[in-house]
Amino acid sequence: MSDRTNLSFREEKGNRKGIFAWILSTDHKRIGILYLYSIVAFFLTGVVLGILMKLELLAPGKTVMDPATYNAIFTLHGVIMIFLVVVPGLPAVFGNFLLPIMIGAKDVAFPKINLLSWWIYVFGAIIALSSLFMAGGPPDTGWTFYAPYAFKTNTNMLPAVLGAFILGFSSILTGINFIVTIHRMRAPGMTWFKMPLFPWTLYGTGWIQILATPIVGITLLMIVGERVLNIGFFDPALGGDPILYQHLFWIYSHPAVYIMILPAMGAISEIIPTFANKSIFGYKAIVLSTLAIAFVGYFVWGHHMFTSGMSGTALYTFSLLTFIVAIPSAIKVFNWVSTLHKASIQLEAPFFWAASFLFVFMIGGLSGIALGALTTNIHLHDTAFVVAHFHFIVFGGVGFAFMGAIHYWFPKIWGRMYNARLATTGWMIFFIGFCTLYLPMFFLGFSGMPRRYYDYVEEFHGPNVVSTIGSWVLALGLIIILYNLIRSATKGEVATKNPWGGRTLEWTVDSPPSLENFDEIPVVTRSPYDYRKNIDE
Amino acid sequence: MSHQSDNHTVPYKSYLWILAILIVLTIISVGVTYIELGNLTVFTAILLASVKSTLVLIYFMHLKFDNKLLQYLVAAIFILLGLVLFITFLDYNYR
């Protein structure tokens with residue numbers, strides 16, 4: 001039975017009707033949902049492109065497409081998945097929907113800027129994808145747009161680069177909004193160390209968005225200057241330095257990995273104590289490790305460039321710093337596992353996603369250590385091993401956390417429950433598909449199969465077949481998950497305020513929440529994961 | 001949180017002094033490009049730019065009157081940027 005007392009934000013009649021009540025709404029919850037639908041649409045596009053790539057690699061030689069199309073498809077897959085899906089991902093969807101509620105506020109600090117950031121996101125996406133429909137076709141450089149090829153290719157680089165530039169503004173505005181909201185709008189009594197961990201990770205992420213994104217913005221403009229005006233920043237023929245491009249690109253793009261993974265870690269830090277029914281182990285250690293990741297993450301970009309021809313001093317420094325940045329991530333993993341120790345665990349879908357997150361994140365993280373060491377990196381650089389590592393972190397880490405988050409907060413967002421058995425079945429098939437798809441790529445890379453190659457020698461055939469079959473299994477799991485969630489959003493059983501027994505503030509408001517979230521701003525007197533007391537006390 | 005916004009009027013004279021210092025520093029940063037400084041070229045340019053932006057932040061953007069937490073955060077950003085540049089030049093200076 002529902003225990004709702006107010007009209008929900010969905011039912012509230014504003015000044016506008018139909019779709020305009022959504023696309024012109026400044027309500028943080030509606031904006032979060034707008035982001036969700038946009039991001040899911042782009043995610044499914046990226047998945048289809050990924051499946052096509054795996055289909056091409058089913059057998060050596062040409063299978064379903066020519067080499068130029070393959071190059072364009074892996075570029076589009078990367079651009080869409082990075083810039084349109086995982087970078088905005090958790091912060092834009094769950095951060096928007098939940099941050100104000102979790103800190104006891106009625107909205108974010110700048111609601112109109114919040115709506116503007118969604119519009120900029122849509123505008124940037126349209127510009128980036130317009131290259132698909134222009135003569136010359138989409139870019140074929142890979143999502144990294146490396147110089148000097150990026151200003152020599154005849155494909156449509158400029159729309160993709162300008163699109164990514166515009167998307168950066170959306171990211172910066174969201175970061176500013178979250179930081180100001182957290183500084184200024186926490187409920188009375190919510191001191192910094194009484195704030196839940198998801199908002200803490202959004203805080204760390206916000207700083208990275210503000211400080212790192214302008215660097216890639218400038219870099220992308222330099223590519224435009226290079227292509228249009230022949231300035232010579234990066235072209236050796238004009239006195240430029242192509243390695244400078246790599247520095248500038250990765251000074252943003254490595255911290256961007258932390259824009260992706262920090263909120264994912266935040267979501268996992270919410271799910272685990274709720275389903276362990278136990279206070280999180282080492283709250284302060286998790287907070288400090290979040291800030292440490294956000295800070296040290298700025299200084300490790302060079303590990304993407306170990307074979308580029310950097311100085312020996314830089315190589316040693318970046319390798320050392322890369323090993324150091326692994327420490328705060330490991331602290332988090334130990335804390336999550338310690339929380340589960342002797343816990344009374346509810347085995348529900350969000351927990352399965354969180355537990356499998358730990359498994360795949362560990363594999364992704366440890367393979368990252370292999371890549372962070374200078375000697376092994378020389379062997380593994382630009383092989384399928386890197387692709388496997390990256391997907392274990394970004395798809396396995398961020399993707400699984402996103403899935404966990406959507407199953408965890410689904411009752412809060414839609415006010416309904418999903419079919420638990422179908423959710424578990426979907427997770428299991430997805431997880432099996434994921435491992436089948438990406439584990440063989442570690443072996444392929446270790447054996448020497450390069451990444452971004454359209455063709456391969458016969459000895460790589462077997463693992464590639466397994467990997468392609470994995471992509472089909474993963475797609476099946478995804479279809480089941482989507483079917484379950486889409487159907488349940490309208491037909492599921494009505495959810496209560498707190499179906500999982502969570503302790504953070506979002507579980508004290510209606511499901512779905514009312515327009516202003518709280519009838520009265522709550523006064524916070526306890527820690528966010530205090531499982532000793534009843535939440536209603 | 002401290003609210004000191006009502007009583008931190010800065011006299012125009014101070015603003016004019018800061019403006020004069022900024023103009024002088026701009027002239028120096030142009031002038032210094034005529035001197036061959038080798039490895040120190042970028043360092044000098046960034047040092048001068050940092051001094052100028054610090055003055056703007058402190059006086060024109062009123063950081064001087066803001067709470068300590070914000071002052072520390074801005075200082076941390078400068079340190080971060082400095083470290084990023086330092087590490088970048090571990091490549092360029094030793095290549």
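Visitor: Is A:K342 buried or exposed?

Guide: A:K342 is exposed, because 8 other C-beta atoms lie within 10 Å; please keep in mind throughout that this is a predicted model. The residue is found in the loop between α10 and α11 (349-372) of chain A, and its phi is near 60 degrees, a positive value in a residue other than glycine. Most residues other than glycine have a negative phi, and most peptide bonds are trans. A second residue of this kind is A:N517, which has a positive phi of about 70 degrees although it is not a glycine. A:N517 lies in the segment after α15 of chain A, and since it has 25 C-beta neighbours inside 10 Å, it counts as buried.

The segment after α15 of chain A also holds A:P512, which is joined to A:S511 by a cis peptide bond with omega at about -10 degrees. Another cis peptide bond runs from A:A147 to A:P148, with omega near 0 degrees, and A:P148 lies in the loop between α5 and α6 of chain A.

Helix α10 (residues 312-340) of chain A packs with helix α3 (residues 68-92) of chain B at an angle of about 140 degrees, their axes being 6 Å apart, and that makes α10(A) oblique to α3(B). On the α10(A) side the residues that meet the other helix are A:T313, A:A314 and A:T317, and on the α3(B) side they are B:I87, B:L90 and B:D91. Sorted by class, the residues of this contact of α10(A) with α3(B) are three nonpolar, two polar and one charged.

A:L211 counts as buried, because it has 20 C-beta neighbours inside 10 Å, and its C-alpha atom is separated by 9.5 Å from that of A:G175, 36 residues apart along the chain.

From α8(A) we can turn to pairs of helices inside chain A. The axes of α8(A) and helix α9 (residues 283-296) of chain A come within 11 Å and cross at roughly 170 degrees, and therefore the two helices are roughly antiparallel to each other. In this pair, A:Y258, A:L262 and A:S269 of α8(A) meet A:I286, A:T290, A:I293 and A:A294 of α9(A), a contact with five nonpolar, two polar and no charged residues.

The helices on either side of the loop that holds A:P148 are α5 and α6 of chain A. The axes of α5 (residues 111-130) and α6 (residues 157-184) of chain A come within 7 Å and cross at roughly 165 degrees; α5(A) and α6(A) are therefore roughly antiparallel to each other, and α5(A) passes α6(A) in a left-handed crossing. Among the residues that meet here are A:I120, A:F123 and A:I127 in α5(A) and A:L162, A:I166 and A:F169 in α6(A). By class, this contact of α5(A) with α6(A) has 16 nonpolar, eight polar and no charged residues.

Helix α15 (residues 461-491) of chain A has 31 residues, which at 1.5 Å a residue should span 45 Å, and its end C-alpha atoms are 45 Å apart, which agrees. Its buried residues include A:P463, A:L474 and A:I481, and what covers the buried residues of α15(A) includes α2 (28-56), α13 (384-414) and α14 (420-446) of chain A. For α2(A), the 29 residues should span 42 Å at 1.5 Å a residue, and this agrees with end C-alpha atoms that are 42 Å apart. Among the buried residues of α2(A) are A:H28, A:I39 and A:E56, and their covering includes α15 of chain A together with α1 (20-23), α3 (67-86), α4 (89-102) and α5 of chain A.

Key: Residues are numbered from 1 along each chain as its sequence is written. Chains are lettered from A and ligands numbered from 1 in the order in which they are written. This is a predicted model: local features need pLDDT of at least 70, side-chain atom pairs count only at pLDDT 80 or more; totals for chains, interfaces and linings use all residues. Axes are lines fitted to C-alpha atoms, for helices over the stretch in contact, and angles run from 0 to 180 degrees between N-to-C directions. Helices (H or I, at least four residues) and strands (E, at least two) are DSSP runs, numbered from the N terminus. Angles under 35 degrees count as roughly parallel, over 145 as roughly antiparallel, 65 to 115 as roughly perpendicular and the rest as oblique. Two residues are in contact if their C-beta atoms, placed from the backbone, lie within 7 Å. Ala, Val, Leu, Ile, Met, Phe, Trp, Tyr, Cys and Pro count as nonpolar, Asp, Glu, Lys and Arg as charged, and the others, Gly among them, as polar. A crossing is left-handed if the near helix is turned anticlockwise from the far one by less than a right angle, and right-handed if clockwise. The expected span of a helix is 1.5 Å times one less than its number of residues. A residue is buried if 20 or more other C-beta atoms lie within 10 Å of its own, exposed if 12 or fewer, and partly exposed in between; C-beta atoms are placed from the backbone.
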